Amino acid sequence: MDTVGRIRWWALPCAALVLAGAAPVAAAEQVRDGRSQPVFAAEPARETVWVETGLDGDGDGVIDRVAADIARPAGTDQPVPVIMDASPYYSCCGRGNENEFKTYDDQGRPLGFPLFYDNYFVPRGYATVLVDLAGTNRSEGCVDVGGPSDITSAKAVIDWLNGRATGFDAATGGTPVGAGWSTGDVGMIGKSYDGTIANGVAATGVEGLRTIVPIGAISSWYDYYRSDGVSFGFDPVGLAQNVEEGGRPDCRQVKQELVAGAPANGDVTPLWTERDYVPTADRVTASVFAVHGLGDLNVKTVQFGQWWDALAAEDVPRKLWLSQTGHVDPFDFRRAEWVDTLHRWFDRWLLGIDNGITEEPAASIERAPDTWADEPGWSGEQAQATTLHPREDGLGTEPAPGGTASFTDDPSLDEYDWAARPDQQSPARTLFSTAPLSGDLRLAGTGSVTVTAVPSTPTAHLSAMLVDYGPATTRDYLGQGEGIRTLQTESCWGESRPGDDACYKDTEATTADVDFEIIARGWADLANHESLSAERPLEPGKPYAMTFRLAATDHVVPAGHQLALIIGGTDSAFIVAPRQPGQIGLDLAQTSVTLPVVGGLPAVTSAGVGAAENKPPQVRPDRVPARPEVQLNRD
């Protein structure tokens with residue numbers, strides 16, 4: 001669909017949506033105050049349908065079938081839309097803050113569904129479909145970590161709901177089953193791996209997918225395991241074996257392909273490009289409600305930033321929540337608002353209810369713990385790329401007339417070591433800061449660092465970060481709960497049924513008082529300066545130019561704070577060291593950082609960057625952020 005088509009679709013009234021074959025308007029008795037009501041009070045119909053994927057991932061000569069567990073309104077002839085969560089975690093790892101699993105009765109029929117979606121939405125006229133990705137739980141096939149098997153196993157269920165694929169009432173053999181109870185309109189939702197599948201399926205352009213709600217989701221699997229030529233030290237085969245609960249013997253070939261396609265040197269390979277959904281964002285016809293934690297160090301913010309930019313370029317209907325949390329579901333950091341907003345979002349896109357949600361602020365950003373700011377559209381789309389230059393006297397708007405800096409890669413240190421003592425020289429990093437700002441400066445979007453670096457050895461890794469120096473109270477996203485604490489009280493969301501409780505433990509924000517916050521990070525292998533697909537041995541003493549990305553951010557550096565750029569070698573909190581760590585020199589005249597500044601260069605000038613004498617920031621030892629308590633290499 002072209003851009004004009006997207007704009008018109010976004011603006012169509014509900015009646016036009018029905019004529020276009022999109023979401024039908026809900027029955028009048030089902031709607032009150034612009035919201036679908038829980039009028040379907042009967043015990044839901046529950047069943048499992050095994051859907052053919054068209055693939056034979058396990059190589060047994062039989063087309064794989066994936067299990068779709070369904071809860072839907074009973075006692076009605078009214079077709080209903082579907083809320084789908086396709087996941088590999090229903091038996092291995094659990095879903096939600098309380099790690100819920102699917103459960104089944106003595107006859108093998110689905111009984112307990114993780115999360116609140118079925119409890120809340122089925123009484124309101126939706127079906128909930130939870131799909132076991134191929135190779136997990138009760139599905140056949142093999143996990144390929146975001147590849148064709150994963151995406152096809154979810155897409156096939158949408159095809160079945162629309163009459164384009166075949167489903168059966170048994171895992172093998174059985175009788176064909178149709179989905180005459182469904183309108184064919186689907187909204188996919190999920191956190192982490194689940195939301196990633198929603199992104200990937202949307203990027204196929206499959207007909208019938210009306211909206212997706214990716215939460216802390218991946219848009220490029222390369223950027224989950226690697227970064228501009230460096231490795232984070234873990235690989236997709238480990239995740240595949242975990243969700244397959246130890247690995248399936250008939251999936252050895254798939255695992256071998258995962259190992260061969262993900263070299264430790266960090267190069268981009270066909271395996272990675274096949275698992276990058278950003279280039280095919282132009283196929284997305286579904287609306288997108290994206291949620292991400294700005295403190296998410298597991299699925300890093302580069303994932304939402306590049307996906308959002310691609311969607312914006314295609315003018316996909318979209319909405320965004322950015323929290324200060326880490327890898328946390330909005331049900332656990334803004335529960336009441338989340339359920340209400342999600343309810344109205346699904347009502348709009350799946351039931352065709354004209355409730356005005358598309359005219360409300362499209363972006364909501366948490367500026368302080370539990371303090372949110374709304375804006376008509378995310379300002380990251382209007383931020384201007386603005387270049388600052390490291391100089392011997394700090395960080396300014398003009399390039400250094402000359403000058404060099406150098407550091408020695410010490411793989412025993414990490415970004416917290418580098419940032420904790422900004423007023424002291426360190427042989428392991430370089431630090432360039434502004435003077436205290438005279439006005440607020442907002443960064444929103446994805447930045448980059450350009451270096452001209454001179455290595456002393458044939459291998460060199462680089463790490464860069466932006467740091468906001470100044471006193472602040474933030475969510476404690478580096479702590480065990482990643483910004484939340486689970487309480488002993490409960491709240492209920494929807495109808496509880498025997499074996500399927502709708503009540504969940506409440507949470508509250510956890511906070512930390514700090515004197516600095518790392519607001520964006522990036523890493524690179526200098527040997528990939530020419531191409532991310534092929535590293536080249538470095539010649540010691542020769543200068544190399546390279547630009548690499550910083551993760552997306554949305555952060556206001558307040559007046560009185562100082563913004564700093566740190567460049568070092570191996571950040572041991574994240575990346576693997578090169579074979580021969582050595583000294584790296586920087587040509588400051590050819591080194592810069594490009595920031596997504598709301599207001600561009602005039603805003604930088606107005607904030608006083610470069611206009612005052614620079615003094616190094618000060619950090620109290622008792623206000624240094626703790627190192628992450630969370631495990632970074634998990635999904």
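Buried here means under 20% relative accessible area, a cut-off that comes up in several of the close-ups below, all taken from a predicted model.

**View 1. Asp 414, tucked into a loop.** With a relative accessible area of 7%, Asp 414 falls under the 20% cut-off and so counts as buried. Look for Asp 414 in the loop that runs between strand S21 (404-408) and helix H12 (415-420). A polar atom of the Asp 414 side chain sits 3.0 Å from the backbone nitrogen of Tyr 416. Leaving out residues up to four places away in sequence, Asp 414 touches Asp 571, Ser 572, Ala 573 and Arg 627.

**View 2. Helices H4 and H5 crossing.** Here the axes of H4 (residues 148-161) and H5 (residues 193-202) come within 9 Å and cross at roughly 70°. That angle lies between 65 and 115 degrees, so H4 counts as roughly perpendicular to H5. On the H4 side, the residues in contact are Asp 150, Ile 151, Ala 154, Lys 155 and Ile 158, and they meet Tyr 193, Ile 197, Gly 200 and Val 201 of H5. Sorted by class, this H4 and H5 contact has six nonpolar, one polar and two charged residues.

View 3. H11 (residues 335-351) has 17 residues and spans 23 Å from first C-alpha to last, close to the 24 Å expected at 1.5 Å a residue. The helix is mostly covered, with 14 of its 17 residues buried.

**View 4. Pro 390 in strand S19.** Pro 390 belongs to strand S19 (residues 384-391) and is buried, at a relative accessible area of 0%. What does Pro 390 contact, once neighbours within four places in sequence are set aside? The partners are Leu 395, Ala 400, Phe 432, Leu 588, Thr 591 and Ser 592. Thr 434 is 44 residues from Pro 390 in sequence, and their C-alpha atoms are 9.4 Å apart.

View 5. Most residues other than glycine have a negative phi. Leu 115 is not a glycine, yet has a positive phi of about 70°. Leu 115 sits in the loop between strand S7 (110-112) and helix H3 (117-121), and at 14% relative accessibility Leu 115 is buried. Asp 315 also has a positive phi, near 55°, and is found in the loop between helix H10 (302-313) and strand S16 (318-323). At 26% relative accessibility, Asp 315 counts as partly exposed.

Conventions: Residues are numbered from 1 along each chain as its sequence is written. This is a predicted model: local features need pLDDT of at least 70, side-chain atom pairs count only at pLDDT 80 or more; totals for chains, interfaces and linings use all residues. Side-chain values use heavy atoms; hydrogens and water are left out. Axes are lines fitted to C-alpha atoms, for helices over the stretch in contact, and angles run from 0 to 180 degrees between N-to-C directions. Helices (H or I, at least four residues) and strands (E, at least two) are DSSP runs, numbered from the N terminus. Angles under 35 degrees count as roughly parallel, over 145 as roughly antiparallel, 65 to 115 as roughly perpendicular and the rest as oblique. Contact means heavy atoms within 4.5 Å. Ala, Val, Leu, Ile, Met, Phe, Trp, Tyr, Cys and Pro count as nonpolar, Asp, Glu, Lys and Arg as charged, and the others, Gly among them, as polar. Buried means under 20% relative accessible area, exposed over 50%, partly exposed in between (1.4 Å probe, protein chains only). A polar contact is a pair of N or O atoms within 3.5 Å; within protein, one must be able to donate a hydrogen and the other to accept it, and residues adjacent in sequence count only if both atoms are side-chain atoms. The expected span of a helix is 1.5 Å times one less than its number of residues.
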